[in-house]
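Open the model in your viewer and keep the sequence panel beside it. The stops below say what to select and what is there.

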Amino acid sequence: MSRLQANLLLLLAGMIWGMGFVAQSTAMTNIGPFMFIAVRSLIASFTILPLAIAEGGKARLTLNRRDYLFFAAIGLVLFTGLAAQQIGLQTTSVTNAGFLTGLYLILVPVLGVLIFRAWPHGIIWPCSLAALAGIYLLSGGELSALKQGDWLVMFGAFFWALQVLLIGQANRTGRPVTLSLVQFATCAVIGFIFAFTLGEVDWSAVAVTWKELLFTGIFSSGAAFTLQAIGQRYTTPPQAAIFLSSEALFAALFGAIFLSERLSFVGLVGCGLIFISMLAVEIIPMLTAKKPQAVATL
């Protein structure tokens with residue numbers, strides 16, 4: 001798979017996440033955050049289980065215990081990010097949450113340098129800042145006073161960034177679907193533990209929100225996160241973060257289509273910044289790549 005094809009897969013993942021925003025926010029009116037994460041992740045696990053089995057049958061290398069533990073650790077990181085975001089959304093505005101979650105755009109290259117000593121292409125830094133500014137404008141260009149939920153969303157952004165980086169490392173095994181399966185199974189188990197402990201288990205609430213749970217479980221979780229794992233095999237984590245940030249752009253687009261919402265001029269400028277950032281990280285490295293020197297022959 002070429003880098004362009006991989007980035008298009010990440011763009012598709014961002015589109016699916018953007019479509020799932022309404023379903024996710026609607027479900028939270030009837031079900032607790034940990035129960036929501038648990039059921040959503042369980043549905044995602046069963047969705048991709050056949051694909052993981054098929055992938056394992058074709059794999060050349062066998063995964064060992066260390067690989068599975070690493071996959072489970074990534075699942076723990078994913079669960080922490082999901083939980084912080086879900087709980088934070090209960091006490092903060094959508095405007096603040098949309099912008100503060102986008103902080104992972106900056107955190108991915110920064111953590112990549114600090115943890116893995118991986119320096120990205122120079123265009124990543126201005127494009128990350130431009131995309132972050134685009135998300136800010138897309139969310140309305142206003143931030144109210146920071147509340148407890150805002151700090152939780154920022155806390156979650158750190159784990160979103162870490163998840164993107166760890167997937168980049170785990171993809172060396174060549175088993176992206178299995179990685180996604182173990183991720184979601186881990187999230188489901190931890191989610192149910194918290195749900196039972198905190199008394200969030202309410203199967204009548206699950207029955208009321210079955211449409212939202214099916215959509216977020218099958219598409220937002222099972223499909224989108226698997227596309228992320230596959231796409232990141234052929235691109236860098238900083239580039240992946242920028243393409244995945246298109247979630248905010250698609251959320252605004254589908255809000256206009258299905259909810260008759262209209263973007264302001266400032267919001268349109270934000271869309272433009274995100275779009276230009278995605279084009280720049282794809283095109284500029286190609287244009288500046290050093291061409292191989294022709295070997296002179298006698």
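Start by selecting Thr235, which lies in the loop between helix 10 and helix 11. Residues are numbered from 1 along each chain as its sequence is written. The model is predicted, so local features need pLDDT of at least 70 and side-chain atom pairs count only at pLDDT 80 or more, whereas totals for chains, interfaces and linings use all residues, and side-chain values use heavy atoms, with hydrogens and water left out. Helices (H or I, at least four residues) and strands (E, at least two) are DSSP runs numbered from the N terminus.

Thr235 makes a side-chain polar contact with Asn7 at 3.1 Å, and another with the side chain of Gln239 at 2.7 Å. A polar contact is a pair of N or O atoms within 3.5 Å; within protein, one must be able to donate a hydrogen and the other to accept it, and residues adjacent in sequence count only if both atoms are side-chain atoms. Leaving out residues up to four places away in sequence, Thr235 touches Arg3, Asn7, Leu10 and Ala240 (contact means heavy atoms within 4.5 Å).

Now select Gln232, found in the loop between helix 10 and helix 11 (237-244). Gln232 is buried because its relative accessibility is 2%. A polar atom of its side chain lies 2.8 Å from the backbone oxygen of Val164. Beyond its neighbours within four places in sequence, Gln232 is in contact with Leu10, Val164, Ile167, Gly168, Asn171, Pro237 and Ala240.

**Aromatic pairs**

Next, display the aromatic side chains. The structure holds eleven aromatic pairs. Rings of Phe, Tyr and Trp (its six-membered ring) pair if their centres lie within 6.5 Å; planes under 30 degrees apart count as stacked, over 60 as edge-to-face and the rest as tilted.

Select Tyr68 and Phe71. Their ring centres are 6.4 Å apart and the planes meet at 75°, so this pair is edge-to-face. Tyr68 and Phe71 are three residues apart in helix 3 (residues 65-88), which means about one helical turn between them. An α-helix has 3.6 residues a turn, so residues three or four places apart point the same way. Tyr68 is partly exposed at 38% relative accessible area, whereas Phe71, at 0%, is buried.

Then move to Trp160 and Phe225, a stacked pair with 6.3 Å from centre to centre and 15° between the planes. This pair links distant parts of the chain, with Trp160 in helix 7 (residues 148-170) and Phe225 in helix 10 (residues 210-231), 65 residues apart. Both Trp160 and Phe225 are buried.

**The salt bridge**

Which residue forms a salt bridge with Glu55? Select Arg175: the closest N and O atoms of the two residues are 3.7 Å apart. The term means a side-chain nitrogen of Lys or Arg within 4 Å of a carboxyl oxygen of Asp or Glu. The partners are 120 residues apart, Glu55 being in helix 2 and Arg175 in the loop between helix 7 and helix 8 (176-197). Glu55 is buried at 16% relative accessible area, and Arg175 is buried at 8%. The structure holds one salt bridge.

**Helix 5**

Select helix 5 (residues 104-116), where Tyr104, Leu105, Val108, Pro109, Leu111, Gly112 and Val113 are buried. Val110 is also found in helix 5, but this residue is partly exposed, with a relative accessible area of 30%. Val110 and Trp125 are 15 residues apart in sequence and 9.4 Å apart in space, C-alpha to C-alpha. Helix 5 is followed by Arg117, with a positive phi near 55°.

**The whole chain**

Finally, zoom out and colour by secondary structure. The chain has 13 helices and zero strands. Buried residues make up 50% of its 298 residues. Of the contacts with a separation of 6 or more, 91% are between residues 24 or more positions apart.

Note on methods
Buried means under 20% relative accessible area, exposed over 50%, partly exposed in between (1.4 Å probe, protein chains only).
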